[in-house]
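Please consult the sequence and the coordinates while reading.

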2 protein chains.
Amino acid sequence: MQIASVSDRCYRLPMVDTSAKLNLIDVARAAGVSLATASRALSGAYGVAATTRARVLAAAEEMSYVASPEAARLAGGATGRVAVVVPHISRWFFGTMLEALDSVLREADLDVLLYHVGGLDDRREFFERLPARRKVDAVVVVAFPVEEVERQRLALMGVQIIAAGGQNAVYPYVCIDDAAAARQVMAHLLFLGHRRIAMIEAIDPDQPTRPSGRSSGYYAALREVGIEPDPDLVVTTDWGGEQGAQAMSRLLSIAHPPTAVYAHSDEVAIGAIRTIRRAGLRVPDDISIVGIDDHPLASLIDLTTVRQPVYEQGTTAAHLVLATLRGEVDVERAVVLATELVVRRSTAPPRPDRRTD
Amino acid sequence: MQIASVSDRCYRLPMVDTSAKLNLIDVARAAGVSLATASRALSGAYGVAATTRARVLAAAEEMSYVASPEAARLAGGATGRVAVVVPHISRWFFGTMLEALDSVLREADLDVLLYHVGGLDDRREFFERLPARRKVDAVVVVAFPVEEVERQRLALMGVQIIAAGGQNAVYPYVCIDDAAAARQVMAHLLFLGHRRIAMIEAIDPDQPTRPSGRSSGYYAALREVGIEPDPDLVVTTDWGGEQGAQAMSRLLSIAHPPTAVYAHSDEVAIGAIRTIRRAGLRVPDDISIVGIDDHPLASLIDLTTVRQPVYEQGTTAAHLVLATLRGEVDVERAVVLATELVVRRSTAPPRPDRRTD
DNA sequence: CTGTTAGCGCTTTCAC
DNA sequence: GTGAAAGCGCTAACAG
């Protein structure tokens, strides 16, 4: 992590001459057109002859002209910025999503304004402040519910909303089918012969969220095979490894502990594994465990999981943003990406002496 | 991860009346002063009577006035934005750093512009583009070297640079002492009686970096106790778990494998552990292993490591930004934060039959 | 299809 | 200590 001046770089960086700033007017002159025409040509508006536009574009390219977002915005144009709103940053899911969003938005020459909105106060602050001065052209909310009032407020300012990793009927979104993911977990566990399957349900205490499909899928799968859900086998906690470990302790403290555990995320699952091991039990011999995500460390832990395409959700959401910004009317409003079971070595049939059926 | 309109929220969001936008002139009128005075008062410049300033501030507060960054910048002021440049986003270290930076910068009413600069092309793009139009007031580079030319280019535009998680003599920085961290690892391992200590050295292939203190500390510690470094015991790889696993394979393929392994990061260490286990060996009985970071999952894996205060590095760097922006001259230009060894259960004395001394 | 013109909301000289 | 006025660089009506 050392930082030092590296002298043997492979590119030259021309020194800027601050005294000679390059404005649109310069490009216009170089192309032999008026300022207005240059503006139209660059912004891709209609009503410019193809040859003229080409000339302007060439001149701009030649002089490596970069427009001033400030001036553009002030004059009523777009800001060239999009806000990405995330409830967490350091967790893998959110970081990966950010990386994906950033990658395609930057490609489209849009700047990314990061908004970390943890609790309710941040959230309120965000939705009160942002619209006040149109700082962005669109906002992407990552796994984060937006109220209708909030949406309308933004819409009033001409700011679009797109959701990544979550769903809503009102604005475009891309997500996975959480209930289907839960069912993939359950199908695997049931097929292996497990009957006492616990669930470590994760919820974010700071975010008001509807009951997740990851939970409903569990109950649905159980009911379908005629197993009555046992409340003792469901424990709710925050996302995160330590919390998973604690939740697992509770599951080990009941009269008839489960033979298999379904955790809402890999991180939670990894925490649960620690508790199991500390109890002197083995995975998967004594207890099977499955997570959701396919976190990079899951493969290193040999954790069976359901993979969700996080990066792809991000890029897809970003493309939704671009399409919306372009004013495309026939935008695909809902994209649901497929998940898949990844079988590794944290699952096995239950020990014969522990089978309950 | 479901997103839905939540109706029972605990705050009211007033609908914006887009037709009545609030400008500085309105605040000025309300305070009974001229536009110029209002501007001066708000920007905290000298030459305004204390009472006048108070009146303006009150009016602004009352009307919950928010300045337009666009107009401010256009007129020669600050942008109210700072760029954060990171080579990765989804890795824990960088996400945590971002979270910390964001937290204090937002507190100071600055917006965070995220720049993911992966390879050389991105980097070039960044340093060519950003200065062209002053989009930000300062840039924070996270674990990322900046060339002198690049720095000067930014300085010319009045943009400050601050480094987080890396060091440089020219601009303010905050980091840890990598060499010291390495020595903490080595002291622990040597004290336990290990002599054949391997190092899995991690480097980012996309970033031109000076040899890390994490490596030099290893060699220094070895030499100090009179152990001749064995080239076979050092393997270099990319950061990341899979890479750590592969590196460990190589260490297991030499004539005399190590009794202990020092990995440059916890993620690398976790990968290495998988390889060790798959080889039928046990940690720490057969091989001890130590990482650096204290990644949240490290405690779940029971990994001995050297903790570095990532979040604190971020907040400190952000405060450096604020001080610099405030024009403070006597800014602490270099902050080096302490690291500490966290002993868990991945280290133990070497097996007597494997000791080589 | 292209050029002219009037601001966008603020900061900053300048006078007073 | 305060006010008046001149832009910052661009877009969006308008004319032509």
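Q: Which residues of strand β7 (residues 234–237) of chain A form its covered face, and which its uncovered one?
A: This is a predicted model, in which local features need pLDDT of at least 70, side-chain atom pairs count only at pLDDT 80 or more, and totals for chains, interfaces and linings use all residues. Residues are numbered from 1 along each chain as its sequence is written, while chains are lettered from A and ligands numbered from 1 in the order in which they are written. Strands (E, at least two residues) and helices (H or I, at least four) are DSSP runs, numbered from the N terminus. In β7(A), the uncovered face holds A:V234 and A:T236, and the covered face holds A:V235 and A:T237.

Q: Which residue of β7(A) is the bridge partner of A:M199?
A: Two strands pair if DSSP finds at least two bridges between them. Strand β6 (residues 197–202) of chain A runs parallel to β7(A), joined to β7(A) by 4 bridges. Within β7(A), the partner of A:M199 is A:V234.

Q: What is the handedness of the β-α-β unit made by β6(A), helix α9 (residues 213–224) of chain A and β7(A)?
A: A crossover is right-handed if, with the strands pointing away from the viewer, the path from the first strand over the helix to the second runs clockwise. The unit of β6(A), α9(A) and β7(A) is right-handed.

Q: How many residues of β2(A) are buried?
A: A residue is buried if 20 or more other C-beta atoms, placed from the backbone, lie within 10 Å of its own, exposed if 12 or fewer, and partly exposed in between. One side of β2(A) carries A:D111, A:L113 and A:Y115, the other A:V112, A:L114 and A:H116, and both faces are covered. The number of buried residues in β2(A) is 6 of 6.

Q: Which residue of β2(B) is the bridge partner of A:L114?
A: Strand β2 (residues 111–116) of chain A and strand β2 (residues 111–116) of chain B run antiparallel and are joined by 3 bridges. One of the facing pairs is A:V112 with B:L114. For A:L114, the bridge partner in β2(B) is B:V112.

Q: Why is one side of β7 and of β12 in chain B left without a neighbour in the sheet?
A: In chain B, 6 strands form an open sheet of mixed pairing, in the order β7-β6-β8-β9-β10-β12. Because β7 (234–237) and β12 (340–342) of chain B stand at the edges of this sheet, each has a single partner strand.

Q: How many residues of chain B are in contact with chain A?
A: Two residues are in contact if their C-beta atoms, placed from the backbone, lie within 7 Å. The partners on chain A number 74 residues, and those on chain B likewise number 74.

Q: Which element gives the largest share of the surface near DNA strand C?
A: A residue is near a strand if its C-beta atom, placed from the backbone, lies within 6 Å of it. DNA strand C is surrounded by 29 residues, the closest being A:A36, B:L24, B:A36, B:A75 and B:G77. The largest share, 6 residues, comes from α2(B).

Q: Which element gives the most residues to the surface near DNA strand D?
A: Around DNA strand D there are 27 residues, of which A:L24, A:A71, A:A75, A:G77 and B:A36 come nearest. Two or more residues each are given by α1 (24–31), α2 and α4 (69–74) of chain A and by α2 of chain B. With 4 residues, the element that gives the most is α2(A).
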